Amino acid sequence: MSVISIKNLNKTYKERDIFKKLKGQKFKIGVEDVNFNIEEGEIFSIIGLNGAGKTTIMKCLLGLLDYDSGDINILGEKKLTEKIKTQIGYLPEISYYPKSIILEVLMEYYAELYGIKNKEEKIVNALEKVGLISRRKSKLEDFSKGMLQKVGIAQAILNSPKLLFLDEPMSGLDPLARFEVIKLIKELKEKGTTIILNTHILNDIETIGNRGIVVNKGKVVDSFDLNFLRKEATYTVYYKNGIEKNISKSALDSKLKELEEISDIVKEKFSLEEYFKNIVLGGEK
Ligand SMILES: Nc1ncnc2c1ncn2[C@@H]1O[C@H](COP(=O)(O)OP(=O)(O)OP(=O)(O)O)[C@@H](O)[C@H]1O
Ligand SMILES: [Mg+2]
């Protein structure tokens, strides 16, 4: 069952231009004609360069941005009803918390917002999951960047959401914390949570992801299924003039005519990073 479907989503931003009165209002494309479905229980990744449109898509889905046109269906509804909102968790790209607030007070505030009944249990559970339980009485001003990121993750999972949006969850995390977050995402998936993940750390997607899309300059330029890609080998072609190209199995045949110029062809393990470079930076697929 699709828990999210987006059809022909278009979003433009008004250009912030101090001379707009002189030049007229300008518009900048956020995303253009975006289509995809997310199935229940999968980890769906949106990957793309800075400014590609990943956060814009998430915010449109979450009702945090008005969009120009398109149809969004989320958990079977066209509108984000209050009931649906309680089933969603969201880690924003950048979180803003009052510095002087005590961690458990912040968590209580969110628990209240989500209408959580067994508050204490949920708060303890979320803080334990991100390794911050011993800091529950601390003020956020004493927290490091990575710790604040963990606060954001605790906030996002507090209501045991059915649908979890994570916008750059690994940002600022040390390698151990990153590993813990990967473990947490896997656990949530095993419990049936659907996860939408924006991240630049393609290795992590390779480890835990199921399907996803590549966004470039506001458009979906490819969609991928990791189960399929993992099976698909790629090849590095070494040319006598020193050039190297990474190509897919299907492109291998076309290299036969260049055989004279090739010094070696090596079969490589699948890498999402190579796939991504090929799609976005125009390598050969
Ligand atoms: N509030 C805004 N006002 C104007 N333009 C915006 C605004 N937010 C985003 N944009 C523009 O929309 C496009 C998509 O931005 P978005 O934040 O969705 O990218 P992203 O893929 O999340 O990038 P990053 O990897 O840096 O987080 C960019 O061209 C950006 O400049
Ligand atoms: Mg972003």
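User: How do helices H4 and H5 stand to each other?
Analyst: This is a predicted model: local features need pLDDT of at least 70, side-chain atom pairs need 80 or more, and totals for chains, interfaces and linings use all residues. Residues count from 1 along each chain as written, with chains lettered from A and ligands numbered from 1 in written order. The axes of H4 (residues 103–114) and H5 (residues 119–129) come within 10 Å and cross at roughly 120 degrees (axes are fitted to C-alpha atoms, for helices over the stretch in contact; angles run 0 to 180 degrees between N-to-C directions). Angles under 35 degrees count as roughly parallel, over 145 as roughly antiparallel, 65 to 115 as roughly perpendicular and the rest as oblique, so H4 and H5 are oblique.

User: Which residues of H5 meet H4?
Analyst: H4 brings Glu104, Met107, Glu108 and Ala111 to the contact (C-beta atoms, placed from the backbone, within 7 Å). The contact holds 5 nonpolar, no polar and 4 charged residues. From H5 come Lys119, Lys122, Ile123, Ala126 and Leu127.

User: Which element gives the largest share of the shell around ligand 1?
Analyst: Tyr13, Lys28, Gly30, Glu93 and the residues Lys54, Thr55 and Thr56 are among those around ligand 1 (C-beta atom, placed from the backbone, within 6 Å). Two elements give two or more residues: E2 and helix H2 (54–61). The largest share, 3 residues, comes from H2.

User: How many residues of the shell around ligand 1 are polar?
Analyst: Gly48, Asn50, Gly51 and Gly53 belong to the shell. The class counts list 2 nonpolar and 3 charged residues. Polar residues number 7.

User: Which strands stand at the edges of the open sheet?
Analyst: The sheet has 6 strands in the order E5-E6-E7-E3-E8-E9, with mixed pairing (two strands pair if DSSP finds at least two bridges). Each edge strand has a single partner, so one side is left without a neighbour in the sheet. The edge strands are E5 (88–91) and E9 (219–225).

User: Which residue of E9 stands opposite asparagine 216?
Analyst: E8 (residues 211–216) and E9 pair in the antiparallel sense over 6 bridges. Opposite asparagine 216 stands lysine 219.

User: At what angle does H2 run to E7?
Analyst: H2 lies across E3 (43–47), E6 (163–167), E7 (194–198) and E8. Helix H6 (residues 145–157) lies across E5 and E6, running at about 170 degrees to E5. H2 runs to E7 at about 145 degrees.

User: How many bridges join E1 to E4?
Analyst: E1 (residues 2–14) also pairs with E2 (residues 27–39), antiparallel, over 9 bridges. Lysine 11 has valine 31 of E2 as its bridge partner. On E4 (residues 69–74), isoleucine 74 stands opposite isoleucine 4. E1 and E4 run antiparallel, and the bridges joining them number 5.

Definitions and conventions:
Helix = DSSP H or I, 4+ residues; strand = E, 2+ residues; numbered from the N terminus. Nonpolar A, V, L, I, M, F, W, Y, C, P; charged D, E, K, R; others polar. Contact = placed C-beta atoms within 7 Å.
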